[in-house]
Structure formats: C-alpha cells, structure tokens
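Dear colleague,

Please find below the structure that I am handing over to you. A summary of the findings follows it.

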Amino acid sequence: MTTAKEIIARRVAKELKDGDVVNLGIGLPTLVSNYLPEGINITLQAENGILGMGELCVQGEEDVDCVNAGAQHVTIRKGGSFFDSAMSFSIIRGGHVDVTVLGALQVDETGTLASHIVPGKMVPGMGGAMDLVVGAKKVIIATTHTAKGSPKILKKINLPATAVGKVNLIVTELAVIEVTDEGFVLKEIAENTTIDEVKKLTDAELVVSSNLMIMPK
C-alpha cells in the first residue's frame, strides 16, 4: 500500500521542471529523489556539499562516503561534484537554488513557516532551512496534513518562525494548497477524500479553486 509520505513525494516531484536546481530537506523531502520525472534534467543539491545528487541508495549498495544532509546514503549522478559547506551555502544564499522542498511543523496562511522549536527540540534545530527558505526562488512544503490529528496548516503559526511569508506551495497526502495574497487556495484534493474533510483538518480558511482537480497519481 502506498504510504502518505510516498504520495506526497510523488506529487512534489511533478512540480519540478527541466533545468531546475533543487534542494531536498531532511526527512520526507528526501523521498522526492526517488520519483524525479523521466526525460528532464534536474540537479539535486545537498546542503552538506553535493551538486548532482541522485536517488537514495538501495540497501546493501551504499557508499559510506556519499550521504545527504540527513546522513542518508545517496547515489551521485554523472558529473556530480562535492564541496565544503561554505560553497554550498554560497549557492543557497546566492539565489542559485530554483526550488527547495522542506518539511514543516506548521505553515500559516501568510506563507510563514515553522520548521523547528528550541529548546523543546521537536527537531534538533533549524539546520539550513532558514537560508533555504529565503534563498530559493520557490519554496514547496512537503508534509502530512496533520500531526496526530492536530492541523499543521494554520491561520497563524504558534511555534518559532523559520521565515515569514516565503512558502509558495504546500503538498500533503490530502491536498495541494497554493499560498496567495488572498490566503490558501485549494488546488487539488486526493481521490479518497472530499473538500469538507480537507477543510475539517485545516485550521485556516481554504478558498476552493474554480479549477479544482484530483491529485495525479
């Protein structure tokens, strides 16, 4: 059975375009590398110093020297390169990343992201997320719709902000939601859900697109 995380990763991959330089955050976003569209050239960047990263390694075929920022073993595509963190963050801060895909604890209708909490340590810290959200041209949040039943898509975040007003798109297992000046616009829903169910599990108001679609598999 396809898991929620796989549904999200597969749908996010469809947002990537030929020629994009893409950073995949720790956790769920790393799965996107396994679903890259065929026939187009996408360059994956890892903030620990890789350009040209491939998919996650099959168990038993790992190279101990090739890991992403989350310490997962990854493959390297032909022409891939390695460099230090200073160069990696020069790429990020210099605006050379077209798309970043990040997880989230909370996102609100202004496009404000909460992806860390200190000192509670729901995750170890913000890592490179603050740089990525500000430096990337497009920010996609890949997250489950709720956390143990509690909405993660809110009218206003109540955890420390990673960045204010920078999120462009949210992809969950239930919906694709665009962040606009008018708030959240519901663009797609999963085939096994309804608009009412998505609204019930979302703390913020959703404007239903006049061209609402079913999420592609």
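What percentage of the 217 residues in the chain do buried residues make up? Please bear in mind that this is a predicted model. In it, buried residues account for 46% of the 217 residues.

As to the overall fold, the chain contains four helices and 15 strands. The chain is as compact as a globular protein of its length, because its radius of gyration of 17 Å is close to the 17 Å that the globule rule gives for 217 residues. The C-alpha trace spans about 45 × 35 × 30 Å along its principal axes.

Contacts were also examined. Taking those between residues at least 6 apart in sequence, 61% join residues at least 24 apart.

One residue was considered individually. Lysine 200 is located in helix α4, which covers residues 195-200. Its relative accessibility is 71%, and exposed means over 50%, so lysine 200 counts as exposed. Between the C-alpha atoms of lysine 200 and arginine 77 the separation is 43 Å; along the chain, these two residues are 123 residues apart.

With kind regards

Methods: Residues are numbered from 1 along each chain as its sequence is written. This is a predicted model: local features need pLDDT of at least 70, side-chain atom pairs count only at pLDDT 80 or more; totals for chains, interfaces and linings use all residues. Side-chain values use heavy atoms; hydrogens and water are left out. Helices (H or I, at least four residues) and strands (E, at least two) are DSSP runs, numbered from the N terminus. The radius of gyration is taken over C-alpha atoms; the globule rule is 2.2 Å times the number of residues to the power 0.38. Buried means under 20% relative accessible area, exposed over 50%, partly exposed in between (1.4 Å probe, protein chains only). Contact means heavy atoms within 4.5 Å.
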